[in-house]
Amino acid sequence: KVRLGDIAILINGDRGKNYPSQVDITNDGEVPFVNAGHLNGREIAFDEMNYISKDKYEKLSSGKFQEGDILYCLRGSIGKKAIVSTDIKGAIASSLVIIRPNSEKLYGEYLMLALESPAIKKQLTKANNGSSQPNLSAASVREYEIELPELLIQREVVEKLVKVRDIIDNRRQELQLLDDLIKARFVEMFYEKGYPVLKWNDVFITTTGKLDSNASVEKGAYPF
């Protein structure tokens with residue numbers, strides 16, 4: 001096993017005087033300003049992105065991400081993550097940390113999968129130093145220990161696991177489509193055919209009972 005801090009650089013967000021305030025953050029600015037809500041577990045979600053100006057971005061002394069970085073949540077939804085898969089400029093909120101893998105030793109997509117492993121989740125739980133709110137430090141994340149095969153094997157592992165994940169995702173989509181089809185057919189067969197719609201009490205008689213805590217339940221007979 002290898003210490004994460006020995007194969008990756010961890011970069012905190014700028015927490016100084018130039019940290020963006022609410023007035024600096026807009027919905028349609030120039031540079032993405034990413035917080036935990038924008039991490040979907042795989043990539044950055046831009047649906048409801050926050051933005052800052054280029055001028056504000058240039059003033060930040062830290063927390064600027066680049067392609068291949070992993071953005072990792074330290075507060076609140078600890079362990080939530082996303083990989084920067086495109087060549088864009090952006091900055092992170094103070095609740096995140098940038099994990100920048102050493103490309104000669106660590107494949108970013110492999111690290112993404114490793115961070116989902118039970119071994120890492122156990123280390124995360126141990127490192128959580130929050131009371132009312134879950135909280136990690138970049139120093140504790142540096143101490144994560146991960147299995148580190150050579151780069152070629154890392155890529156093979158990723159290729160195989162991504163194929164499995166895609167199969168699972170496709171199966172979920174198929175089941176959702178089937179569920180939607182069943183609901184649509186039900187509506188078509190009954191509601192759209194003009195059948196009368198009755199209230200629940202018009203069809204069933206419902207009663208309530210009291211459970212006798214001293215009674216025993218035998219042979220399918222219930223004491224109510």
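Two strands are said to pair if DSSP finds at least two bridges between them. Strands (E, at least two residues) and helices (H or I, at least four) are DSSP runs, numbered from the N terminus. On these terms, β3 and β4 run antiparallel and are joined by two bridges. The structure is a predicted model, in which local features need pLDDT of at least 70, side-chain atom pairs count only at pLDDT 80 or more, and totals for chains, interfaces and linings use all residues. Residues are numbered from 1 along each chain as its sequence is written, and side-chain values use heavy atoms, with hydrogens and water left out.

**The sheet**

- An open sheet is formed by four strands in the order β4-β3-β8-β5, with mixed pairing.
- Its edge strands are β4 and β5 (64–65), each of which pairs on one side only.
- P32 has Y51, in β4, as its bridge partner.

- H38 is found in the loop between β3 (31–34) and β4 (51–52).
- H38 counts as buried because its relative accessibility is 5%; buried means under 20% relative accessible area, exposed over 50%, and partly exposed in between (1.4 Å probe, protein chains only).
- A polar atom of the H38 side chain lies 3.1 Å from the backbone oxygen of E48.
- Leaving aside neighbours within four places in sequence, H38 is in contact (heavy atoms within 4.5 Å) with F33, E43, I44, A45, E48, M49 and N50.

**Salt bridges**

- The whole structure holds seven salt bridges, each defined as a side-chain nitrogen of Lys or Arg within 4 Å of a carboxyl oxygen of Asp or Glu.
- R100 and D69 form one of them, at 2.8 Å from N to O.
- This pair links distant parts of the chain, 31 residues apart: R100 is in strand β9 (residues 96–101) and D69 in the loop between β5 and β6 (70–73).
- D69 is buried, with a relative accessible area of 1%.
- The side chains of K81 and E116 also meet in a salt bridge, at 3.4 Å from N to O.
- Here too the pair links distant parts of the chain, 35 residues apart, with K81 in strand β7 (residues 81–83) and E116 in the loop between α2 (108–114) and α3 (118–127).
- K81 counts as buried at 8% relative accessibility, whereas E116 counts as partly exposed at 35%.
- R3 is partly exposed, with a relative accessible area of 28%, and D6 is partly exposed at 47%.

Terms used. Polar contact = N/O pair within 3.5 Å; in protein donor to acceptor, adjacent residues only side chain to side chain.
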